[in-house]
Every structure is written in C-alpha cells, then in structure tokens.
Amino acid sequence: MRRIALGALATMLLLGGTRATALKDALKRLQQRYEDTRTLTADFKQSVQSPTLAGTLESHGKVAFEKPNRMRWDYEPPDKQTIVGDGETLWIYQPDDKQVIKAPLSEAFQASTPVSFLAGLGRVERDFETALEREDAERWVLRLVPRKDKGIGTLILTVRKADASVEEARITDPLGTTTRIAFTDERRNVALEADLFHFTPPPGVDVVKPPAY
C-alpha cells in the first residue's frame, strides 16, 4: 500500500510539473505572437447564452485590430451593428434602432478586462491569473482571470499549438452570461486603411452617452 501511495504521489508531482511546463510554454508563445502582431483581421462567429435569455443569440461578421487600442467589429444582418474603438472613444452603432452609444474607450476596455488581451492592450501574465484547463495534441485551453478585479469576468482561450493563434475566446461575466467568439481566416500585419477605425454618427441617429461622459 505504501508503494502504491508513493507511486501515486510521484505521478501527481510529475503531472503537475508537466502541466506547469505546458502552461509556461503556452503563455510565452501566446504573448510573443501578440507582441509580433501589429494588425489583425479575421472572420468571427459569436454566440451568447444567458440565464435571462430564452435561447442562444448567434451572430457573425468581421473584426479588425490595430495596436495599441484600435478595433472594429462589423456584425452582419440580422443583428447588424458596428463597434469601433478609435483610440479614445468607443462607438456602438445600432442602425435598426437609429442609435449610437458613445463612451470613453479607456473605461470600456481597461487592461484588466478579459477582452482587452484580444485587442493587444494587456500582458497575459501581468494582468491575469492563469491556468491550463486542458490540452491535446493540437490545442491549449487557457483560463485567464483578471488580477485587479475578479468581478469583471473570466476568459477561456483555445489556442492553436501550430502558430499560437486564438481559435476561440469564451468570456463569462459574473451574472452568468457566456459569450463565445470563434475566429477564422485570420490575417496578421496587413495594411489597414486609417478610416477603418474612424466613426462619424450618421445623420438622424440618436447619440447616447454615459451620465458622466
């Protein structure tokens, strides 16, 4: 029995060391990829599940990022909307409602928020507590929890081992709403038009601002 117990302990220690090594390798490669990425475009599919929703909300479109803090999400019909971060301001345009939401980008996407890493605003080991959820021959699945504010949400990243690209991001907020975003057809360090990250509210739409803005 003692030999069995010692063998089990040795196995646990070995597996623990293996997981720690795998996590370190995954984080290093993920961070290096994003440090080497100046711009990024991709197609995305998004699904949202919430205790307050009767079913799953699904949408798709195209996304573009340019470091350090510019991004654009174009959602296709039937849930058409455009989200633009121009470096200072976050714009959310909802054409069906004839409404634009305007807010400071710094408040919407701080370095501690889960989505900020996707936009190249943060450093994974500095800003998040990290763990290796699981891995297989082709992927790592990483769990990231913001260090500064654990009430913001949790980010689960599925990372391809071949090139350390993000296959899927899953964000769960404290209320239990889970947003999954899968990325395909990714292109890195391509030239992007400057006006891609510029937004002017169309005539006739209401511009809604936070009370303190």
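User: Why is Phe44 called buried?

Analyst: Buried means under 20% relative accessible area, exposed means over 50%, and partly exposed lies in between (1.4 Å probe, protein chains only). Phe44 has a relative accessible area of 2%, so it is called buried. This is a predicted model: local features need pLDDT of at least 70, side-chain atom pairs count only at pLDDT 80 or more, and totals for chains, interfaces and linings use all residues. Residues are numbered from 1 along each chain as its sequence is written, and side-chain values use heavy atoms, without hydrogens and water.

User: How many aromatic pairs are there?

Analyst: There are 5 aromatic pairs.

User: What does Phe44 form with Tyr75?

Analyst: Another aromatic pair, with 5.0 Å between the centres and 75° between the planes, which is edge-to-face. Phe44 is in strand β1 and Tyr75 in strand β3, so this pair ties together parts 31 residues apart in sequence. Both Phe44 and Tyr75 are buried. Ring pairs join Phe44, Phe65, Trp73 and Tyr75 into a cluster.

User: What makes Asp43 and Lys62 a salt bridge?

Analyst: A salt bridge needs a side-chain nitrogen of Lys or Arg within 4 Å of a carboxyl oxygen of Asp or Glu. In Asp43 and Lys62 the N to O distance is 2.7 Å, so they form a salt bridge. Asp43 is in strand β1 (residues 39-49) and Lys62 in strand β2 (residues 57-66), 19 residues apart. The count comes to 8 salt bridges.

User: Why is Lys62 called partly exposed?

Analyst: Lys62 has a relative accessible area of 49%, so it counts as partly exposed. Asp43, at 24%, is partly exposed too.

User: How do you know that Arg160 and Glu167 form a salt bridge?

Analyst: Their N to O distance is 3.6 Å, and the side chains meet in a salt bridge. Shared partners join Glu138, Arg139, Arg160 and Glu167 into one network. Arg160 is partly exposed at 24%, and Glu167 is partly exposed at 22%.

User: Why is Thr158 called buried?

Analyst: Thr158 has a relative accessible area of 12%, so it is buried. Thr158 is in strand β9 (residues 154-160). Contact means heavy atoms within 4.5 Å. Beyond its neighbours within four places in sequence, Thr158 contacts residues including Arg139, Trp140, Val141 and Glu167.

User: What share of the protein counts as buried?

Analyst: Of the 213 residues, 40% are buried. The protein has 3 helices and 12 strands.

Note on methods: Helices (H or I, at least four residues) and strands (E, at least two) are DSSP runs, numbered from the N terminus. Rings of Phe, Tyr and Trp (its six-membered ring) pair if their centres lie within 6.5 Å; planes under 30 degrees apart count as stacked, over 60 as edge-to-face and the rest as tilted.
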